[in-house]
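This report looks at how two chains of an assembly meet, moving from a single pair of side chains to the interface as a whole.

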Number of protein chains: 4
Amino acid sequence: MADIAKEDDILGRARVRDTPELEAYYEDLAKQETGALWTVANSIEPWQPTPTSAPVLWRWEDLRPQVLRAIDLVRPEDAGRRVVYLRNPKRKEVSAACGWLFSGIQTMKAGERAGAHRHAASALRFIMEGTGAYTVVEGHKMSLGAKDFVLTPNGTWHEHGIEEDGSTCLWQDGLDIPLTNALEANFYEVHPDDYQTTNLPLDDSPATYGSPALMPELDKWDQPYSPLLKFRWDQTYEALQAYARVTDGSPYDGVIMRYINPKTGADPMLTMGANMQLLRASEHTKAHRHTGNIIYQVAKGEGYSVIGGKRFDWKEKDIFCVPPWTWHEHCNTQGGDDACLFSFHDLPTMRKLGFYAEQALEDNGGHQVVTG
Amino acid sequence: MADIAKEDDILGRARVRDTPELEAYYEDLAKQETGALWTVANSIEPWQPTPTSAPVLWRWEDLRPQVLRAIDLVRPEDAGRRVVYLRNPKRKEVSAACGWLFSGIQTMKAGERAGAHRHAASALRFIMEGTGAYTVVEGHKMSLGAKDFVLTPNGTWHEHGIEEDGSTCLWQDGLDIPLTNALEANFYEVHPDDYQTTNLPLDDSPATYGSPALMPELDKWDQPYSPLLKFRWDQTYEALQAYARVTDGSPYDGVIMRYINPKTGADPMLTMGANMQLLRASEHTKAHRHTGNIIYQVAKGEGYSVIGGKRFDWKEKDIFCVPPWTWHEHCNTQGGDDACLFSFHDLPTMRKLGFYAEQALEDNGGHQVVTG
Amino acid sequence: MADIAKEDDILGRARVRDTPELEAYYEDLAKQETGALWTVANSIEPWQPTPTSAPVLWRWEDLRPQVLRAIDLVRPEDAGRRVVYLRNPKRKEVSAACGWLFSGIQTMKAGERAGAHRHAASALRFIMEGTGAYTVVEGHKMSLGAKDFVLTPNGTWHEHGIEEDGSTCLWQDGLDIPLTNALEANFYEVHPDDYQTTNLPLDDSPATYGSPALMPELDKWDQPYSPLLKFRWDQTYEALQAYARVTDGSPYDGVIMRYINPKTGADPMLTMGANMQLLRASEHTKAHRHTGNIIYQVAKGEGYSVIGGKRFDWKEKDIFCVPPWTWHEHCNTQGGDDACLFSFHDLPTMRKLGFYAEQALEDNGGHQVVTG
Amino acid sequence: MADIAKEDDILGRARVRDTPELEAYYEDLAKQETGALWTVANSIEPWQPTPTSAPVLWRWEDLRPQVLRAIDLVRPEDAGRRVVYLRNPKRKEVSAACGWLFSGIQTMKAGERAGAHRHAASALRFIMEGTGAYTVVEGHKMSLGAKDFVLTPNGTWHEHGIEEDGSTCLWQDGLDIPLTNALEANFYEVHPDDYQTTNLPLDDSPATYGSPALMPELDKWDQPYSPLLKFRWDQTYEALQAYARVTDGSPYDGVIMRYINPKTGADPMLTMGANMQLLRASEHTKAHRHTGNIIYQVAKGEGYSVIGGKRFDWKEKDIFCVPPWTWHEHCNTQGGDDACLFSFHDLPTMRKLGFYAEQALEDNGGHQVVTG
């Protein structure tokens, strides 16, 4: 405590210097499970956030073979799920890819399936490779192709598998397990019958709720998450292209849309949201920063992002993360084609709690100086 | 007052019989701009609604030539709008097609346009014939083809026209002018420049908001009506077909969807909503009745509806109405094809005010006895 | 149609002059239950609302003896309710006091009670005289004193009575019966047991929901109307006095508060709202006008209001109405005491439907020229 | 990983046993900032939450003298705030009293004031002793007496002080600083003028918004937190007594009410809520447990709570905490008087994120076996 940071030596900040009397006082306080606020105030009330996660890029060409190796090493019924998870070097103790978000790559072979379970954490999948994948959520079975995006919301029974006539599939699993654990709210249940049985037609959710601005007249949906559980890549890419024709887009993110709950217009799950953004040929966005964690997966094309002053080159299927309050900007290096980034994030959590803050980089024409 | 209806001769209803003393009393009350409630109570508090509108069907083959006749008789700039309106024989004094809803058939020739205006009434258009039609709402210009549905919400500047290279167009205009007048809330303004000028790209509204379950990330829309102003027929019909594959549909309406505000999931305008429904080949729905007024236009196919016990045969483009609390059921008489009914209604008004009520017909297997 | 009003002779308004061809056309249209919009457009799309109701003041000294006369003329069990209703001279056909609002003065003697019923119309009571009055709403019994305000929302079983040890009571009943009828949504039911039985403690509703900014932790209320059904005069007057100490108030209404649903902050019923306002000693407000109908009852003091250019002097318990889009201003003529006006209105309906509009009078220092 | 817990040896849980091949695999994964999910799955997806905080009771008779000692040791202008904080022995690293909640006891002498600041964390104060305390929030100054409760929401300028003619005051400060830090969203600003200047009348917030079910007609409040910033003890206690007359109360909490935002009926701040509960003479509630953290302060009377099987005796002003998913029950040991517990908590956070879960203790008549 003897050292007060220069910027803290003002009225309104703690700037008490140690004395023998105070040290004796602090000892007495400690015996009563108490402490003097001014000894910790400046550190627990920082001027602005200092993220504990590192920006990291995981290259698909590195990840893919390691994930496939697991096919011969473990069976889904032993592993629970055959997943290699992305472990931020600064967040190992909470098994997070970034902040309180979990990301893993899962693989399954044709004919495999994993038992149904449910948990308080919310989950989503973004499909990367293979055919015949499916997810069943509360009895709604959805067929999944590359770049489709599917939800398994908080508290819903869900299971994944590959049809017998499919091929080996890989996908990203995104979850807020670390957040759920941090808030000490995680519950886990294995389905009593191991697998869900269902009489509902295949893909009934997108057939019912996946059309533009139309809703069943008699709909009785009353869950806090989206009744549309699967978002198709072809429709998403088409939407971005249509929107690109009539918008300049965001200076920081290009042509960016968010996946919504079509019943409410809100994010599709309570804690996590997801976006797809299109960077036009050669587009280089400006830098901004905001609270909340984002995990990106390259859906199309190649380019790079500058995150916290460091350049990360990416191509299709690579995954990278942007920690909170960290400057970031994106560049599509392809002169003749657009690039697309899928991302998921905890911005719904930040916004619901009043914690969202954002800042544009003013210096240097809005671009970071690349140092790493 | 001397005659009390049999069903009113119970505790809780007014059943006071006239006497000389009471008649003197009533005269005294009248002098003070007052009256005795029990002299009117049973009529102003009926057991259930008795609609003042008649069910009516307007045949397109009758309407079309009369509307086209107006082209040579009046110019849009003199008529304001070249519209033949549907006049319910029981609602002539309020110029309504049914209840408090207005419906008219408008026509314009290639190159014509009508000046921009705005009013407190909400309006919508359902296109019936022609090419090159457009509507401009608050600077958003939308191209319109057959069976497209477009909004011009309460208080928005709007104008209609036909491109020079288009053809003569006909469409239905639906408005709540009678309701707005009944509530003594109608205002009207002519645009100061006669026509809106706009730099926005054509069809920017559907390009931005017309994709399934996707929304611009940075959207700042804050109006009480839908930012999606145009709903395309091809997407609507495709949506109905997809939904039809996974639903039994409503017993009263077949496969029925409502047009929504994609930002909120609510009806696209404050007072009026709209639906499209698909009746499967040979489908004959059961009868129900509810409060609120509905005006139907046949979008596809042919069949009949039984309304208040009377059969109304319809084919494509015919218009008919269902008054409040009137039994109705629909039948697609085509054995090999589906039929589609567009409808607009004041159910959002009824629901917001707590006035929605509905009842299924129990007798006769759920079907009315046709008497008319 | 031959005469076009001067202000309508512009682009955007109908200004078609009759010709023999057009007259023939109009006749043909009429045969098909249709008409030419331009023949009615300017009247159904007025520049601004022209109210059909007259401003009226009903003096308590006139009303009271007439209402009391009814005690000997009819019994509640025959009259349904022993009510003298206020009949606006321009709205006789719909039995309305103003616009689509009903107002009546009800009286009951000690020991009398009227049978329980329910209806789609919403109702409220403002107590004027007497002791021992009570209302039971859905089993919640409330004791009522002078100037208390009580709700009987849309669709709720309710009944009124006077305790055996009470005195003859008079109160104002406000309802939206005319609106409910206009929207053809009125239903009426007599309670199967004639009277409600209840085990709930007296005044459980205000005891549970009537405290400032506190709510039962475990509350399960899910109705569309306020769980607080009774609003006490002493608390209301105290609230106005507290608020008056820290606000300048509204230039048009003085110190004005609205009764709310404490669960939501919204109006306590779906269609009607209510206010209490305090005019400081000698306060004379400025004039404004807005859509929607208001019925006032003087809760305290005396003064006058200028409505549509006509002066209406009032004192305690007098009732008067302000029709839509009619200039109005209020004056407390007492130099040494505040005056209070209770009012109920259909502004919730107007606002939900997007029909609320308001305008301040700019001329003459914001005051009307009194002509009547 | 070699040891699989017995309950985890089922389909749906990870039960992979180590092999040399797997160990080699794990090493390779670690080099790529990845890991195998099944090595951590059972620990990051527990069957149910295991709280990291200990239940603790801080006795006022111990706290008070230590806090007062600080008066002579530090000045507010050096300490920022003269606060002794409660440090849960299991949450020292985040300076939390329980979970992600901070609690501290602050003291100030007559005439002292602390500079204005704002932060992303939300804060509240519950006054324990002294006269003349005040808080200023965004220019709204509030006078505070014993057991009054006051908000300083997320992002608002606020400052505290004691009037010159007041006495030494003590109060509890509750904040969600640890949560804000965990979500890496904390910002801190010192007011540019050190202190707020204001022309608003004293206590304008409670005078405007603190009356039962009444709201200013013309209110323009649009903040995400309650416009009512101060909740008076006398009104709160009166409300509990009124409610107690008509309710059995909660089996777990007695007669319990929550402080609300009177504009919306929701919790008064985005992340934290607060309650006051009354335990009737000799009332002993049943045990339940739920997610979320609660910090209690005894507002009146004495008794004990059993938390996680351990008994904690309390009397007025003592503070204690209940960690997540920990059984707890309360007992008022006074035979002749009620006891009141103030509490604040993060349940709004838990509920917004879908993390609220609750369970009643079924065994032993609903009571814990006291072990500590």
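## The interface of chain B and chain C

In this predicted model, a salt bridge joins the side chains of Arg15(B) and Asp78(C), with 3.9 Å from N to O. With a cut-off of 4 Å for such a pair, the bridge between Arg15(B) and Asp78(C) falls within the limit at 3.9 Å. Across the interface of chain B and chain C, 6 salt bridges are found, and 34 residue pairs, both members at pLDDT 80 or more, are in polar contact. On the side of chain B that touches chain C, the residues comprise 50 nonpolar, 19 polar and 19 charged.

The overall values for this pair of chains are gathered below.

| Item | Value |
|---|---|
| Residues of chain B in the contact | 88 residues |
| Residues of chain C in the contact | 88 residues |
| Area buried between chain B and chain C | about 7,900 Å² |
| Share of that area on carbon and sulfur atoms | 62% |

The size of an interface is often expressed as the accessible area lost when the parts come together, and for chain B and chain C this comes to about 7,900 Å².

As for confidence, the model scores ipTM 0.96 and pTM 0.96, while chain A has an average pLDDT of 96, with 99% of its residues scoring at least 70.

Key
Residues numbered from 1 in each chain as written. Chains lettered and ligands numbered in written order. Heavy atoms only, no water. Contact = heavy atoms within 4.5 Å. Buried area = accessible area lost by both parts, 1.4 Å probe. Polar contact = N/O pair within 3.5 Å; in protein donor to acceptor, adjacent residues only side chain to side chain. Nonpolar A, V, L, I, M, F, W, Y, C, P; charged D, E, K, R; others polar. pLDDT = per-residue confidence, 0-100.
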